[in-house]
Amino acid sequence: MVESIHTCQLREAHNGPAVLMNSRRRPRRVHKTASRAAAPFCTDHQMTQMGRDQTQKALPLYKAGPPFKSHSSNKLGKSGQAIPRPCSFISSGQRHPALDPSAYCETPVYNPDLCPNMVAAQAKLVYHLNKYYNEKCQSRKAAISKTIREVCKVVSDVLKEVEVQEPRFISSLNEMENRFEGLEVISPTEFEVVLYLNQMGVFNFVDDGSLPGCAVLKLSDGRKRSMSLWVEFITASGYLSARKIRSRFQTLVAQAVDKCSYRDVVKMVADTSEVKLRIRDRYVVQITPAFKCTGIWPRSAAHWPLPHIPWPGPNRVAEVKAEGFNLLSKECYSLNGKQSSAESDAWVLQFAEAENRLLLGGCRKKCLSVLKTLRDRHLELPGQPLNNYHMKTLVSYECEKHPRESDWDENCLGDRLNGILLQLISCLQCRRCPHYFLPNLDLFQGKPHSALENAAKQTWRLAREILTNPKSLEKL
């Protein structure tokens with residue numbers, strides 16, 4: 001089983017001694033035991049401080065390096081926990097006069113819960129976020145919903161032609177409760193459709209961790225080779241080859257495109273081993289053959305949930321694991337440069353339904369919708385460093401940092417959004433974003449460093465604008 005060596009990087013850590021602060025006296029050290037080693041990502045208290053302390057500090061751009069680092073002198077936050085200060089700023093380092101707590105209270109207050117002006121500022125941010133959601137996010141959803149229906153008409157027609165040629169590839173793109181099964185929105189113009197295949201029963205699911213983010217399917221008994229529906233795609237070693245199935249499917253789709261009723265508006269995307277369609281020269285749809293694995297859970301994700309983190313509860317954990325996962329026949333960027341004999345036979349692990357179930361309740365989905373809208377409007381950058389899945393991953397980590405349901409009430413939306421944006425900046429600067437269920441898998445692998453740096457700067461501009469001037473959401 002793969003050990004979760006990077007999990008701690010996005011979860012709470014305490015480093016260094018706490019310091020009792022007094023407005024007139026020198027700091028007095030209170031030593032605390034570090035519960036975890038330092039990580040290059042922002043800690044829970046650092047995120048909370050910057051999320052809740054939005055009216056206390058000016059927020060100019062950071063110097064190069066992680067946006068926060070531990071200090072030996074820290075302010076004492078709520079419940080006596082140390083809140084590390086931000087690292088040095090590019091500017092003079094002085095607080096903005098309008099954001100200094102002394103401008104609101106006679107005595108500096110380091111606990112924002114005790115300052116009514118800060119509560120008002122938080123309420124103002126939530127008000128503008130809700131307005132942004134109702135106007136910009138809902139407009140985005142409506143436009144994407146219309147696009148999905150247009151795209152699915154074309155894809156369904158192509159898949160019907162594929163099924164006529166090869167009955168083993170049966171279309172599973174069905175509409176259920178106003179959503180299409182197996183369809184994922186990558187961006188407003190890019191989609192992925194998962195085509196579920198049948199009869200995986202004669203294969204064993206092998207997940208030994210040698211291929212990060214991937215697994216292989218091997219015949220449970222060599223004598224059952226002839227019993228498999230996919231016999232011609234089984235290698236001499238007994239593995240069901242994802243590459244061979246994808247290659248055959250690509251040929252079938254190319255033929256179907258020429259025969260379908262939408263052949264004038266759809267064409268295959270060349271120079272890729274993936275099955276991609278370009279529709280009306282505006283939308284790109286990737287169709288991925290896959291097996292659905294329900295009722296089992298991969299060994300590489302067996303560490304989840306972590307025993308010391310109370311979220312999610314046992315009932316939700318049982319629901320998530322019952323949803324299972326998918327095995328996709330697609331290229332895995334984590335295998336680039338590998339010389340494994342099973343590389344071309346490997347299937348990519350995907351947890352779409354499990355992740356969706358995790359985000360039920362509170363303002364989690366609303367927070368994700370705001371993040372997606374901000375990404376579409378301001379973080380669609382050269383090199384494509386960020387996509388919606390990165391946002392979804394960071395929301396899941398934020399749920400672990402704030403496990404109580406009360407932390408996801410509507411009035412906490414601003415805090416949660418600020419925390420996620422600041423964590424995103426840290427990930428971009430450290431050039432690493434661990435997969436939520438598979439922390440050994442880096443979601444930034446293969447992304448150009450210059451693109452990640454550019455995204456970090458742009459994300460910080462967004463975060464700074466939202467933190468210091470919530471009304472700016474009207475123009476974002």
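Good morning. Residues are numbered from 1 along each chain as its sequence is written. Because the model is predicted, local features need pLDDT of at least 70 and side-chain atom pairs count only at pLDDT 80 or more, while totals for chains, interfaces and linings use all residues; side-chain values use heavy atoms, with hydrogens and water left out.

I begin with the whole chain. The protein has 9 helices and 15 strands. Helices here are DSSP runs of H or I with at least four residues, strands are runs of E with at least two, and both are numbered from the N terminus. Of the 476 residues, 51% are buried. Buried means under 20% relative accessible area, exposed means over 50%, and partly exposed lies in between, with a 1.4 Å probe and protein chains only. Among contacts with a separation of 6 or more, 70% join residues 24 or more positions apart. A contact means heavy atoms within 4.5 Å.

I turn now to helix 6. How far apart should the ends of this helix be? Helix 6 covers residues 364-378, and at 1.5 Å a residue its 15 residues should span 21 Å; the end C-alpha atoms are 21 Å apart, so the two values agree. The expected span is 1.5 Å times one less than the number of residues. Helix 6 is mostly covered, with 11 of its 15 residues buried. Among the buried residues are Cys 367, Val 370 and Leu 371, and also the charged residues Arg 364, Lys 366, Arg 375 and Asp 376.

Helix 6 packs against helix 8. Their axes come within 10 Å and cross at roughly 50°. Axes are lines fitted to C-alpha atoms, for helices over the stretch in contact, and angles run from 0 to 180 degrees between N-to-C directions. The two helices are therefore oblique to each other. In this scheme, angles under 35 degrees count as roughly parallel, over 145 as roughly antiparallel, 65 to 115 as roughly perpendicular, and the rest as oblique. The crossing of helix 6 and helix 8 is right-handed. A crossing is right-handed if the near helix is turned clockwise from the far one by less than a right angle, and left-handed if anticlockwise.

Which residues of helix 6 and helix 8 meet? From helix 6 come Lys 366, Cys 367, Val 370 and Leu 371, and from helix 8 come Leu 413, Arg 416, Leu 417, Ile 420 and Leu 421. This contact divides into 7 nonpolar, no polar and 2 charged residues. Ala, Val, Leu, Ile, Met, Phe, Trp, Tyr, Cys and Pro count as nonpolar, Asp, Glu, Lys and Arg as charged, and the others, Gly among them, as polar. An α-helix has 3.6 residues a turn, so residues three or four places apart point the same way.

Helix 7 (residues 388-401) and helix 8 (residues 413-430) pack at an angle of about 120°, with axes 10 Å apart. Here too the crossing is right-handed.

Gln 384 sits in the loop between helix 6 and helix 7, and is partly exposed at 47% relative accessible area. Its C-alpha atom is 7.3 Å from that of Ala 451, although the two are 67 residues apart along the chain. Ala 451 is one of the buried residues of helix 9. Ser 187, in strand 7 (residues 183-187), is buried at 7%. Beyond its neighbours within four places in sequence, Ser 187 touches Arg 375, Glu 380 and Asn 388.

Finally, the backbone. Most residues other than glycine have a negative phi, and most peptide bonds are trans. The bond from Trp 304 to Pro 305 has omega near -5°, and the bond joining Trp 311 and Pro 312 has omega of about -10°. Asp 281 has a positive phi of about 55° and is exposed, at 59% relative accessibility. Arg 431, in the loop between helix 8 and helix 9, has phi near 60° and is partly exposed at 34%. Thank you.
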